[in-house]
Amino acid sequence: MGGRSLQISLSLIADPRSGDPKSSLPTQSAVAQRPPLSYIADMDKTLHIIGGGMAGSEAAWQAAELGIDVIIHEMRPKVGTFAHQTGLLGEMVCSNSFRSDDDEQNAVGLLHWEMRAANGLIMTVADQHRLPAGGALAVDRDAFAQSVTDALTAHPKISVSYGEVTELPGDGNWIIATGPLTSSDLGAAIASETGSDALAFFDAIAPIVHHDSIDMSKAWMQSRYDKGETEEERTAYLNCPMDRDQYEAFIDALLAAEKTEFHEGETAGYFDGCLPIEVMAERGRETLRFGPMKPVGLTNPHAPEIKAHAVVQLRRDNKLGTLYNIVGFQTKMRYGAQADVFKMIPGLENASFARLGGIHRNTFLNSPTLLDGQMRLRSQPHIRFAGQITGVEGYVESAAMGLLAGRLAAAELSGHRLETPPDTTATGALITHISGGADAKTFQPMNVNFGLFPPVEGLKSGRRGRKDRYKAYTDRAKADWQRWLAS
Ligand SMILES: Cc1cc2nc3c(=O)[nH]c(=O)nc-3n(C[C@H](O)[C@H](O)[C@H](O)COP(=O)(O)OP(=O)(O)OC[C@H]3O[C@@H](n4cnc5c(N)ncnc54)[C@H](O)[C@@H]3O)c2cc1C
């Protein structure tokens, strides 16, 4: 076992490139030779991780590399999901892409960089099985999952127990990383602990727009009927007006747009509270004007004498005020079609989207109310959550939340408190968002994006300044991440 483990670790670090964190990852043997971290004291406490997907695999690797004994509880291949095809750990359920690998101009590329700098298993194996894909990091999915499985099963500190966990553990040290397709018994157990309102089984994501890309010479801030006690409340919504012709053209485009279908077995009553806008439009051309686009209680200060035929409202999506979601605009339109249709909205012609809309089968917690800053369930602090179930979205974000949960758990098991990384880093921006930065009432899963980062002062806003701004974000993040890793 030891020989096999060393062989796999060495193959994991093979990377011809230099000058970035990929080339300086420590080998498992190098980790063993490092002076022991002072906080690693108690070696007989075991960390149990439920789910061996993106997050669970990364969490296990991180904790094991810090000297903690880990047991991964994975239900596949004994119990399957509608999307997974194998019994392998770290299986990619759909696309084979980890998205942009640009660590200077893209927030997901920055997340790659941070995970590589932190000896991340998912990134290391992804680099090993990389396929040509332009600026994206795409991988050979089968070889990727096989290598993740080999690395974990060969690690002397990790064992895997195959079988479904159906109850919440009463004691011990646990991370739940069961993902968007958490099995129904465990989902029910989580819902009974958290309250069913705080656990969703579908996401209904309205598109989110970067505030600095909205044309405020057409849009204005006002709450319907000027409701609210304070000026901030009375101006909480951003409004985009449409005349009759613009509205009719918008409905035509909505009806004609290409849509995605649900996977078999994925549906089950999602229609109750969150109809996609195109379904509303199919029910009648006026339906949206009496629903999310109703024009009542609003006066356009740019043209006070003209009554808008319809109004699209956007609501602030984060404390920083850098992101706005389009209220009630969950959709099953394909991404390309969405961008085209939403840019027909006056004021959004040049909109830059932090994320596009969607409706998917997705089990996720209302993390802002349920989790503390250490990713622990407030009511059961021996249980952490990680991955997509915490309300992040995507392979990379899920793995990053696994990396963080694994390190936080390892530190706690060793009698040391590790602070979460600052919100100037990509990992820190995500955890800050899900554990309190996001509005709990409208919380929906989130991809990493620069709208989650505190602004860098003194830089030009808008499209023109974007390149410099993103470089400043990523430079600041890298320095802060290195400081956090050394803490
Ligand atoms: C249909 C579909 C398509 C997607 N496509 C993409 C995409 O193209 N790109 C992208 O970035 N993201 C995509 N996602 C999101 C993707 O699932 C997540 O990004 C990522 O896989 C989540 O990682 P995770 O570790 O949180 O969950 P997962 O990777 O799903 O891992 C969870 C693991 O927990 C196990 N498990 C569940 N319940 C139990 C239980 N009770 N006991 C024991 N084990 C259990 C599961 O078998 C699974 O192995 C998709 C999701 C779905 C559902």
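Me: How many of the 12 residues of H14 are buried?
Reply: 10 of the 12, so H14 is largely enclosed by the rest of the structure. Buried means that 20 or more other C-beta atoms lie within 10 Å of the residue's own; with 12 or fewer it is exposed, in between partly exposed, and C-beta atoms are placed from the backbone. Helices are DSSP runs of H or I of at least four residues and strands are runs of E of at least two, numbered from the N terminus.

Me: Is this predicted or experimental, and how are residues numbered?
Reply: The model is predicted: local features need pLDDT of at least 70, side-chain atom pairs count only at pLDDT 80 or more, and totals for chains, interfaces and linings use all residues. Numbering runs from 1 along each chain as its sequence is written.

Me: What do the buried residues of H14 pack against?
Reply: Helices H4 (107-117), H12 (367-370), H13 (395-413) and H15 (466-485). Contact here means C-beta atoms, placed from the backbone, within 7 Å.

Me: What does H14 span end to end?
Reply: H14 (residues 426-437) spans only 14 Å between its end C-alpha atoms, whereas a straight helix of 12 residues would span 16 Å. The expected span is 1.5 Å times one less than the number of residues.

Me: Switching to the ligand. How many residues surround it?
Reply: There are 35, and the closest are Gly-51, Gly-53, Cys-94, Gly-179 and Gly-387. A residue counts if its C-beta atom, placed from the backbone, lies within 6 Å of the molecule.

Me: Which element gives the most to that shell?
Reply: H3, with 3 residues.

Me: Now Tyr-395. Buried or exposed?
Reply: Tyr-395 counts as buried because it has 25 C-beta neighbours inside 10 Å. Tyr-395 is found in helix H13. Leaving out residues up to four places away in sequence, Tyr-395 touches Met-54, Met-92 and Phe-98.

Me: Which residues have the most contacts inside the largest nonpolar core?
Reply: Ala-60, Ala-63, Ile-175 and Leu-430, in a core of 88 residues. The largest share of this core, 13 residues, comes from H13. A nonpolar core is a set of buried Ala, Val, Leu, Ile, Met, Phe, Trp, Tyr and Cys residues joined through C-beta atoms within 7 Å.

Me: Where does pLDDT stay under 50?
Reply: Over residues 1-43. The protein chain averages 87, and 88% of the residues score at least 70; pLDDT is the predictor's confidence in each residue, from 0 to 100.

Key: Contact = placed C-beta atoms within 7 Å.
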